[in-house]
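Me: I have a model open and want to go through a few local details. Can we start with one side-chain contact and move on from there?

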Amino acid sequence: MKKSIFMTTLLMLAIHATALTPWKKGAFETGQYRNLFAEMGYRQADIDAKLKEVFNDVFRGPNKVYFEVGDTLGYVSDIKNHDARTEGMSYGMMIAVQFGEKDIFDRLWRWSKHYMQHQDGKRKGYFAWSCKVDGTRNAQGAASDGELYFITALLFASNRWGNHTGINYKAEAQHILDCIQPHDNIYLIDPETKLITFTPDGFGQRFTDPSYHIPAFYEVWARWADDGRSTLWQTCADKSREFLHKCINEKTGLNPDMCNYDGTTLEFPQRPGAPQQPHRRNGSANFRYDSWRVPMNITLDYEWSCADGAWQRQYGETVQNFFYSQGVNTFVDQYRVDGTLPEDDEILQAGGFRKLRHSIGLVATTAAASMLCSHDKSREFVDALWNAKHVPFDDGYFDAYYDGLLRLFAFMHLSGNYRIITSE
């Protein structure tokens with residue numbers, strides 16, 4: 001018995017002494033996916049069980065955010081805000097197609113199409129970004145990341161299940177792709193810069209959100225959309241990678257929540273006729289909730305494409321070095337991009353709370369970035385995610401939705417289960 005424990009200890013020490021080495025080719029080329037948990041010595045049976053547990057937390061457990069309606073519909077709810085958002089609906093569809101959960105996917109798509117998608121008018125094909133859980137729209141306008149995920153998830157569904165099982169997934173994706181082309185001064189992709197807009201109408205078209213930039217999704221469109229725009233989508237992928245270089249702080253690896261297309265700080269203009277106010281720092285220039293997704297999005301582009309590999313590997317170690325300097329188990333979830341803490345009035349509230357926290361959503365995305373890194377610090381980020389409990393904070397705040405979804409995505413990345421779904 002003692003010999004067995006001794007040998008197991010030696011094996012774990014040997015595994016941890018082995019340097020982590022990021023792969024140098026992406027899955028578009030190799031068709032292979034890295035299981036970093038296994039490389040670090042976690043047992044495959046435990047990895048599979050953990051992934052199933054985290055999936056069930058989101059879709060089936062007591063704190064689930066997925067709910068079925070009747071025989072054919074379902075929605076994902078941002079519980080703390082009492083609504084359903086295109087963000088969560090499209091995330092749910094992407095997760096469902098990755099796990100082969102066709103019923104969940106179809107329910108979410110039918111709900112999105114029925115309640116959220118505009119069927120006529122100048123917003124035809126776009127989705128109202130927020131609805132009450134009974135389907136009543138809280139807003140008519142779209143948030144551009146929803147369309148990004150809807151299109152990609154539908155193309156994967158087409159590749160996985162075909163288009164003759166009740167929903168023509170490819171036709172639905174192509175319809176959205178047609179509708180997002182510039183018309184009536186509405187566009188998802190800025191025609192000049194080829195970068196995704198913050199919102200595809202009016203004021204929101206003047207700037208972008210770094211967390212909306214997932215270049216590998218455009219490569220999926222270029223390969224499987226069959227919409228005659230493959231050159232455009234490849235250009236969008238290239239421009240998106242170039243943009244990320246500009247908007248990310250070179251010393252900290254942090255990015256703003258929103259910014260101009262050239263990566264500079266966004267300054268909201270004063271309202272015409274309103275009394276002029278002294279300049280005050282705007283929290284949109286800070287690293288906060290949306291920003292958490294950037295490490296994970298860059299990781300996904302690296303895993304699938306590796307088209308910007310050298311810069312992305314450097315980025316991964318830079319951003320992890322910053323959070324490591326703040327304490328792997330103590331870093332907070334909002335910073336200025338230079339790494340200093342925001343003032344109280346810059347902190348973005350969530351669920352009625354305005355407070356800096358060590359949020360599991362950011363724990364998840366910083367751990368996912370370990371796929372980019374070769375330094376030993378990465379192991380600590382991965383172990384921290386594995387051991388983190390998704391439970392309410394002492395003051396009662398709990399985010400089953402955003403924290404839960406990002407946690408699930410990170411486990412998919414680190415176990416090699418966030419994949420390009422090719423045509424059968």
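Reply: The side chains of H375 and Q320 make a polar contact of 2.9 Å. A polar contact is a pair of N or O atoms within 3.5 Å, where within protein one must be able to donate a hydrogen and the other to accept it, and residues adjacent in sequence count only if both atoms are side-chain atoms. This is a predicted model, in which local features need pLDDT of at least 70 and side-chain atom pairs count only at pLDDT 80 or more, while totals for chains, interfaces and linings use all residues. Residues are numbered from 1 along each chain as its sequence is written, and side-chain values use heavy atoms, with hydrogens and water left out.

Me: Where is H375 placed?

Reply: H375 is in the loop between α13 (360-368) and α14 (377-387). Helices (H or I, at least four residues) and strands (E, at least two) are DSSP runs, numbered from the N terminus.

Me: Is H375 buried or exposed?

Reply: H375 counts as buried because its relative accessibility is 14%. Buried means under 20% relative accessible area, exposed over 50%, and partly exposed in between (1.4 Å probe, protein chains only).

Me: What is H375 in contact with, leaving aside neighbours within four places in sequence?

Reply: E317, Q320 and N321. Contact means heavy atoms within 4.5 Å.

Me: Switching to strands. How many residues of β2 are buried?

Reply: Six of the six residues in β2 (residues 73-78) are buried. L73, Y75 and S77 cover one side, and G74, V76 and D78 the other.

Me: What about its partners?

Reply: β1 (residues 66-69) runs antiparallel to β2, joined by four bridges, and V69 stands opposite L73. Two strands pair if DSSP finds at least two bridges between them. On the β3 (residues 83-85) side, the pairing with β2 is also antiparallel, over two bridges, and D78 stands opposite D83.

Me: Which residues in the two hairpins have a positive phi?

Reply: G70 has one near 65° in the hairpin of β1 and β2, with three residues between the strands. In the β2 and β3 hairpin, with four residues between them, H82 in the turn has a positive phi of about 60°.

Me: Last topic, cavities. What is the volume of the second largest cavity?

Reply: About 60 Å³. On a 1 Å grid over the protein atoms alone, a cavity is a set of points where a 1.4 Å probe fits but cannot get out, and lining residues have an atom within 4 Å of a point. Grid points are joined across faces, edges and corners, and a volume is the space filled by probe spheres set on the points. Its lining residues include W292, R354 and D403.

Technical notes:
1 Å grid on protein atoms, 1.4 Å probe; cavity = no way out; pocket = protein on both sides within 12 Å on 5 of 7 lines; lining within 4 Å.
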